[in-house]
Amino acid sequence: MNIIHKYFPSLDERRYGQLASLEALYKEWNEKINVISRKDIDNLYEHHVLHSMSIAKALKFKAGTRILDFGTGGGFPGIPLAIIFPECSFKLIDGTGKKINVVKAVAEAIGLDNVETEHIRGEQEQGKYDFVVSRAVMPLPDLVKIIRKNISKEHRNALPNGVICLKGGQTDNEIQPFRKIAEVMPLNQWFKEEWYHEKQLIYVPL
């Protein structure tokens, strides 16, 4: 949790408490279902929680914002973001039922009442959202093709509605179709740890 305090020093006690609870919950669940790589579970906060929270460095979601976490896996970035933004509503979806069961259990255990979960493929999701967030689920053009239908026409935030992706490594080819509108933000502008040196946040207004 030290790394969370370091970069998010002004969260209230309730949010810190919820974030601190994640370690024991994920370690317990990971013994039953491999939602996070076993060799990476000890890096939960640096590699998963803080990584998810980088979206909050790029945009402070206004109250009432609706966010879809597409292919949430073990609940990232959706669970940490739902903790930070309790006045926003989050829907976390994944095509793997076992993972969604873990996400639902974690959300309930820490009292997240702004989170809805569903075992569903992205193509089947019909709801409208201000933003779709994802963490390296698939190439950006493929993701945009699927989620364009889910972006609401009504804007309420500083940035127009769209998709926010967390990516690593070389992304030039993925961004090419959106080069005139995409915004690429290197995460090492916010986080100084080595792991973040080639990590990026990509925002595409839709």
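How many bridges join β5 to strand β7, and do the two run parallel or antiparallel?

Reply: This is a predicted model, in which local features need pLDDT of at least 70 and side-chain atom pairs count only at pLDDT 80 or more, while totals for chains, interfaces and linings use all residues. Residues are numbered from 1 along each chain as its sequence is written, and side-chain values use heavy atoms, with hydrogens and water left out.

Seven bridges join β5 to strand β7 (residues 199–205), and the two run antiparallel; strands (E, at least two residues) and helices (H or I, at least four) are DSSP runs numbered from the N terminus, and two strands pair if DSSP finds at least two bridges between them. With strand β4 (residues 131–135), β5 pairs in the parallel sense over five bridges, and there C165 of β5 is the bridge partner of S134. Together β4, helix α6 (residues 140–147) and β5 make a right-handed β-α-β unit, where right-handed says that, with the strands pointing away from the viewer, the path from the first strand over the helix to the second runs clockwise.

Six of the seven residues of β5 are buried, a word that stands for under 20% relative accessible area with a 1.4 Å probe and protein chains only. K167, which has its place in β5 (residues 162–168), is buried with a relative accessible area of 6%, and its bridge partner in β7 is Q200. A polar atom of the K167 side chain lies 2.7 Å from the backbone oxygen of M138.

Note on methods:
Buried < 20%, exposed > 50% of the residue type's maximum accessible area, 1.4 Å probe, protein only. Polar contact = N/O pair within 3.5 Å; in protein donor to acceptor, adjacent residues only side chain to side chain.
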